[in-house]
Amino acid sequence: MTRVLIADDQALLRGSFRVLVDSAPGLTVVGEASDGVEAVALTRREEPDVVLMDVRMPEMDGIEATRRICAETDVRVLMLTTFDLDEYVYAALRAGASGFLLKDTRPADLLSAIEIVASGDALLAPSVTRRLVAEFARLPSGPVTRLTGVTAREQEVLSLIARGLSNDEIAARLHLGIATVKTHIGRLLHKLAARDRAQLVIAAYESGLVRPTSPA
């Protein structure tokens with residue numbers, strides 16, 4: 001059973017999400033929070049598998065709450081917002097979120113997203129990847145982070161992850177088996193202390209390995 005915590009400042013939306021999640025096989029709601037402070041406290045107490053986190057909330061916004069939750073626990077965070085803005089995508093993923101969805105997402109897609117994030121993967125759709133890349137292009141260049149210990153082959157895999165390619169596409173591009181690609185990704189997660197695929201994308205851009213203006 002996947003345990004879900006819902007954090008949103010609107011009681012009606014929290015109730016709607018609870019009904020939706022509780023009606024799905026294998027999912028159960030273990031708590032509701034009306035602001036970021038409460039979300040952090042309930043996460044510590046209930047230890048859910050996934051937190052559905054609103055971006056804009058009183059007391060503490062969802063991005064800061066996500067940052068604290070991801071720093072202190074292994075709980076996965078799926079961000080939900082009505083605002084389709086670049087800075088929210090970047091800030092949410094940089095804080096450690098494993099996914100980013102708009103609140104007008106279809107119910108079936110939301111339930112699928114919860115399962116994907118709970119399984120340890122990242123919900124990084126091509127549209128989100130494009131917005132993330134656009135945000136890196138807009139931001140001034142900062143200090144380059146060294147990819148210490150990352151092999152040349154692993155850098156190839158990392159660069160393709162950052163461009164939004166799936167494991168199957170990476171395998172085809174590099175003429176590797178799927179198992180080999182997964183092994184490289186596992187090593188990258190360990191070497192870069194990344195929680196999931198979303199964090200690998202950020203590492204690729206912050207290291208300078210991939211540039212927003214580079215050809216695909």
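Contact is taken here as heavy atoms within 4.5 Å. The structure is a predicted model, in which local features need pLDDT of at least 70 and side-chain atom pairs count only at pLDDT 80 or more, while totals for chains, interfaces and linings use all residues. Residues are numbered from 1 along each chain as its sequence is written, and side-chain values use heavy atoms, with hydrogens and water left out.

By this criterion, Val77 touches Val51, Met53, Thr66, Ile69, Cys70, Ala97, Ser98 and Gly99, residues up to four places away in sequence not being counted. Val77, Val51, Met53 and Ile69 are among the residues with the most contacts inside the largest nonpolar core, which has 22 residues. Such a core is a set of buried Ala, Val, Leu, Ile, Met, Phe, Trp, Tyr and Cys residues joined through side-chain atoms within 4.5 Å; buried denotes under 20% relative accessible area (1.4 Å probe, protein chains only). Helix 3 (62–72) gives the most to this core, with four residues. Apart from it lies another core, of 20 residues, including Leu147 and Val210.

Helices (H or I, at least four residues) and strands (E, at least two) are DSSP runs, numbered from the N terminus, and two strands pair if DSSP finds at least two bridges between them. Five strands form an open sheet in the order 2-1-3-4-5, with parallel pairing. Strand 2 (27–33) and strand 5 (99–102) are the edge strands. Strand 1 (residues 2–7) pairs with strand 2 over six bridges, and Leu5 stands opposite Gly31 in strand 2. Helix 2 (residues 36–46) packs on the sheet, touching strand 1, strand 2 and strand 3 (50–54).

Note on methods. Axes are lines fitted to C-alpha atoms, for helices over the stretch in contact, and angles run from 0 to 180 degrees between N-to-C directions. Buried means under 20% relative accessible area, exposed over 50%, partly exposed in between (1.4 Å probe, protein chains only).
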